[in-house]
Amino acid sequence: MISYILPTRDRPERLALTLAALGNLRGHPDGAEVIIVDNASEFPAMPPERLANGLVVRALHRTSNEGAASRNVGVAAANPAHAWVVMLDDDSYPCDTGFIRRLGKAPADVAAVSADIYLPGHARRESGGLPEVFIGCGVAIRRKVFLELGGYDAAFNYYTEEYDLAARMMLAGFRIAFDPWFRVEH
């Protein structure tokens with residue numbers, strides 16, 4: 001049902017903490033996976049093949065830093081049977097797996113579900129600035145829609161790619177929903 005997509009670059013300690021947090025989560029459906037896209041780290045990411053909870057992990061190594069567009073490679077490599085890809089960063093992770101059941105009930109016109117993103121140690125939450133814009137470190141996107149729309153535009157690197165993809169989703173007739181039960185620490 002879901003594939004987690006995590007780009008990383010030269011942050012092995014941070015990535016290890018995120019993988020440990022994902023490995024502590026219970027309640028994943030069979031076949032859920034983690035795909036790490038290493039953006040040409042000096043020392044390539046070498047994650048375990050499985051996390052403590054059984055999630056399968058694959059690492060894809062890029063020869064150059066592709067920024068946010070490296071997520072496109074992860075989505076293309078994700079299990080085609082998975083309806084949703086969950087975008088995370090190498091320093092973000094869901095607080096629980098309750099959101100997964102809710103994704104299965106999302107209306108067909110919802111292309112993306114934004115998480116409520118918590119910033120530990122801060123009294124505020126992260127947001128995209130506009131209600132329709134999701135944040136790439138905590139969003140579930142329908143894999144089919146992502147691929148049909150061409151994913152993230154490599155011209156934007158980071159920070160604007162979310163506005164662009166959200167706009168293309170809406171222009172294609174889809175909605176972007178917010179689910180306060182889908183909580184992510186960043």
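This is a predicted model: local features need pLDDT of at least 70, side-chain atom pairs count only at pLDDT 80 or more; totals for chains, interfaces and linings use all residues.
Residues are numbered from 1 along each chain as its sequence is written, and side-chain values use heavy atoms, with hydrogens and water left out.

In soluble globular proteins, nonpolar side chains tend to be buried together. A nonpolar core here is a set of buried Ala, Val, Leu, Ile, Met, Phe, Trp, Tyr and Cys residues joined through side-chain atoms within 4.5 Å; buried means under 20% relative accessible area, with a 1.4 Å probe and protein chains only. The largest such core has 30 residues, and Ile2, Tyr4, Leu22, Val34, Val86 and Phe182 have the most contacts inside it. Elements giving two or more residues to this core include β1, α1 (12-24), β2 (33-39) and β9 (175-185). The largest share, four residues, comes from β6. Helices (H or I, at least four residues) and strands (E, at least two) are DSSP runs, numbered from the N terminus. Apart from this core lies another, of 19 residues, among them Ile35, Ala78, Phe146 and Leu165.

Open space is found on a 1 Å grid over the protein atoms alone: a pocket is an open set of points with protein on both sides within 12 Å along at least five of seven lines, a cavity is a set where a 1.4 Å probe fits but cannot get out, and lining residues have an atom within 4 Å of a point. The largest pocket holds about 440 Å³ of space. Its lining has 24 residues, and Arg71, Asp89, Tyr158, Tyr159 and His186 lie nearest the centre. Helix α5 gives the largest share of this lining, three residues.

Arg71 lies in helix α2 (residues 70-77). Arg71 counts as buried because its relative accessibility is 1%.

The largest cavity has a volume of about 50 Å³, a volume being the space filled by probe spheres set on grid points joined across faces, edges and corners. Its lining includes Thr8, Asp10, Arg11 and Phe43.

Note on methods: Buried means under 20% relative accessible area, exposed over 50%, partly exposed in between (1.4 Å probe, protein chains only).
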